[in-house]
Amino acid sequence: MNFFDRMQNLDRRWIYLVVALAIIVPLLIPFNSKTYTTEPSENVYKMIDSFAGKDNKAILMCVSHDASTIAELFPMEVSVLRHCFERDIKVFTICFMPQSAPLVDYAINTAKEDFPNIKSGVNYCNFGYKPYSLFLPILLGMGDNIGEAVETDAEGRKVENLEIMENIRNYEDLNLVMDFSASGSVISWITYARVKFGVNVAAGITAVMAADNYPYLQSGQLIGMLSGLKGAAEYEKMVDVFAAKGKAFSKETINNTWIKITGNDIPTKFKKARIGMNAQSIAHIMIIVFIILGNIGYFVNKNKKKG
Amino acid sequence: MFELISNLVAAFLTLSIFSFLYKDNPFYKFAEHLLVGVSMGYAIPLAYENVFIPFVYNPIFLERRFIIIVPAIIGILYLFRFSKNLSWLARYPIVIFMGIVGMSVPMSMHSSVLVQMRSAMLPLDNINTFLIFIGTITILMYFYFSKEHKGTYGKISNVGVWFMMVGFGASFGYTVMARMSLLIGRIQFLLGDFLGLIK
Amino acid sequence: MKRQIPLIIVMSLGFLFFAHTFIPHKFSQDFYDWYVSWTKAMSPFAVILGIMSLFMVHTTKIQRKVPNWQYSFVTLGALVFTAFAGFAWGTNEGTPFMWLFKNVQMPMSATMFSLLAFYIASAAYKAFRARSAQATVLLIAAIIVMLGQVPLGQIISKWIPITSTWILNVPNLAAKRGIMTGVGLGMVATSLKIILGIERTYLGGGD
């Protein structure tokens with residue numbers, strides 16, 4: 001057995017060890033890398049930011065995933081909530097999977113810790129868990145009257161009696177729905193809520209789903225999209241650069257700003273995706289090296305057999 | 001102390017699942033079965049609090065809307081799914097839920113077909129819109145099976161395959177990113193929350 | 001009759017919903033409100049169906065002593081205990097129920113999926129071969145997109161993220177649009193088959 005044969009038949013556990021090291025080492029040795037923002041993420045930020053300080057505008061975050069994909073989606077949710085809390089934007093949350101309910105609470109509590117004045121029922125409201133069989137009835141019902149469609153929030157209060165509901169009646173006011181999912185659930189928002197009521201829809205999705213949604217971005221059915229850990233890292237940076245400093249979005253500023261993620265200037269919870277992106281860089285290089293090495297072995301052996 | 005024990009449990013279960021990478025073993029099997037049980041057990045009280053109480057108990061017993069007893073009984077018919085002789089009764093709740101597909105006919109047509117077609121009909125004033133147009137048309141031709149893919153038609157539809165290969169490549173690139181992100185999340189937990197090594 | 005009446009119900013509701021999409025009349029809205037209140041009241045029982053199904057699978061495993069049947073006790077025990085914790089101490093933050101979710105369900109669920117990172121790396125090494133020109137295009141597109149997503153890609157060359165964005169916005173968009181249109185037509189056709197009574201598999205077997 002020659003070197004290339006041995007390479008082809010390498011025990012998979014050695015590969016697993018390399019994978020583990022490629023992720024552990026960059027996390028243990030932190031370094032600063034520049035996060036570049038993309039247009040789909042910028043569009044989400046700009047749309048949410050345009051609601052700042054407006055009493056008759058709100059966003060709805062629909063959390064449609066379980067714990068299996070929190071690594072990608074949780075930092076997005078925390079960043080979007082932080083943006084809303086920083087800029088006084090009314091935000092509602094809802095979920096249709098029992099496993100999502102504590103994730104919503106966890107995200108709200110994580111983001112809220114730094115904002116002592118933010119109050120449930122006033123600045124934000126968690127509609128809580130509703131069974132999936134009510135997904136369409138609630139989605140469509142909110143087009144007429146949110147209070148009637150949702151009935152109660154996670155704390156069991158009548159939604160229509162809450163202070164936050166002042167000037168918020170239906171999708172004309174709740175003008176942006178952002179679905180965080182690892183599945184195609186955002187398509188349902190596009191198919192029903194967008195078609196029937198014209199509500200703006202944005203997606204916070206796992207990277208697996210990202211490439212499939214580009215047609216919706218071009219057609220305007222999705223106003224923007226955060227894709228995977230990179231999307232979360234981009235949003236974290238935009239919140240740091242603009243919302244946290246009370247500034248308006250500027251493309252030039254974001255591209256020229258370097259945010260230091262080492263050190264204690266920013267709490268870890270607000271830079272988790274950016275820390276992860278360092279490991280992501282190394283992991284991607286590792287996969288590319290694996291593909292190249294695997295192919296070298298394959299072609300050498302193929303030529304030998306031919307010869 | 002309490003947080004330490006909590007993290008210890010979470011870390012032990014995380015490592016039990018990772019142990020499968022070496023080989024199948026009792027720790028992995030234990031964790032796998034525990035996950036199924038906890039996930040299902042978790043849904044029960046939540047469904048009771050968030051669904052049964054507000055949508056069945058409250059309307060019937062507090063608001064005295066007795067008509068709600070009828071759909072509640074239809075819902076109970078679900079449970080006959082496991083009966084040999086009466087499983088046909090479970091069809092009633094299923095078909096009532098299915099009825100709403102009538103709405104998806106015009107709406108799916110609108111969102112997935114008509115709007116997409118409209119967006120493909122942009123003026124071909126630059127190379128990118130031209131490529132998108134060619135790609136969409138040739139892929140649609142590739143999936144048209146009523147005509148044999150031979151001769152000129154075969155060559156044109158083959159162009160669609162090249163577009164699809166690029167599309168699948170993009171999906172694959174993103175999939176690698178997604179899978180690595182999930183592992184990064186777990187390693188961040190083990191190194192950061194559990195061992196306190198990430199600052 | 002056991003199949004005909006359910007079929008008549010699904011056909012009638014299907015056509016009513018089809019009409020409801022286009023008719024904003026009060027009758028249409030009342031019909032919709034009625035439907036919502038009824039489906040809300042029916043929905044909790046679907047959860048019981050799932051629980052019963054899991055119970056039956058695992059009790060059968062225990063009764064038949066199939067390989068690894070002992071672990072079914074773990075599943076059933078965890079199910080009963082978690083549900084009991086929710087009813088006994090509530091489901092709010094700080095309860096044993098939520099502790100179980102945060103320290104048992106959540107880490108295990110996330111870890112289970114993270115195993116896929118190892119498998120995809122192993123597949124990259126052992127299976128992703130440039131066997132043909134088309135497979136080579138796929139791999140090159142994948143590599144550019146992979147590099148384009150991470151900060152390192154920009155450091156290597158500013159053209160990497162630009163090319164990656166172009167791939168996603170042009171050929172990928174065309175590919176996904178072509179496929180999506182087919183899927184969209186398929187969804188419409190399936191929905192039509194259901195409301196016209198041609199597709200009946202959801203009714204299950206038997207008479």
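Helix axes are taken here as lines fitted to C-alpha atoms, for helices over the stretch in contact, with angles running from 0 to 180 degrees between N-to-C directions. Helices themselves (H or I, at least four residues) and strands (E, at least two) are DSSP runs numbered from the N terminus. The model is predicted, with local features needing pLDDT of at least 70 and side-chain atom pairs counting only at pLDDT 80 or more, while totals for chains, interfaces and linings use all residues. Residues are numbered from 1 along each chain as its sequence is written, chains are lettered from A and ligands numbered from 1 in the order in which they are written, and side-chain values use heavy atoms, with hydrogens and water left out.

The axes of helix 11 of chain A and helix 7 of chain B come within 7 Å, crossing at roughly 70°. The two are therefore roughly perpendicular (65 to 115 degrees; under 35 counts as roughly parallel, over 145 as roughly antiparallel and the rest as oblique). In this contact (heavy atoms within 4.5 Å), A:Gly228, A:Leu229 and A:Lys230 meet B:Met177, B:Ser181 and B:Ile184. By class, 3 of these residues are nonpolar, 2 polar and 1 charged, where Ala, Val, Leu, Ile, Met, Phe, Trp, Tyr, Cys and Pro count as nonpolar, Asp, Glu, Lys and Arg as charged, and the others, Gly among them, as polar.

Helix 7 of chain B also meets helix 13 of chain A, where the axes come within 9 Å and cross at roughly 125°. Helix 13 of chain A and helix 7 of chain B are therefore oblique to each other. Residues in this contact include A:Lys272, A:Ile275 and A:Gly276 on the chain A side and B:Phe172, B:Val176 and B:Asp193 on the chain B side. The contact divides into 11 nonpolar, 5 polar and 2 charged residues.

Helix 13 of chain A has a partner in chain C as well: its axis and that of helix 5 of chain C come within 6 Å and cross at roughly 30°. That makes the pair roughly parallel.

Pockets come next. On a 1 Å grid over the protein atoms alone, a cavity is a set of points where a 1.4 Å probe fits but cannot get out, whereas a pocket is an open set with protein on both sides within 12 Å along at least five of seven lines; lining residues have an atom within 4 Å of a point. Grid points are joined across faces, edges and corners, and a volume is the space filled by probe spheres set on the points.

The largest pocket has a volume of about 1200 Å³. Of its 44 lining residues, A:Tyr106, A:Lys272, B:Phe189, B:Asp193 and C:Met106 are the closest to the centre. Helix 7 of chain B gives the most to this lining, with 9 residues.

The second largest pocket has a volume of about 790 Å³. Its lining holds 37 residues, with C:Thr165 one of those nearest the centre. Helix 8 of chain C gives the most here, with 6 residues.
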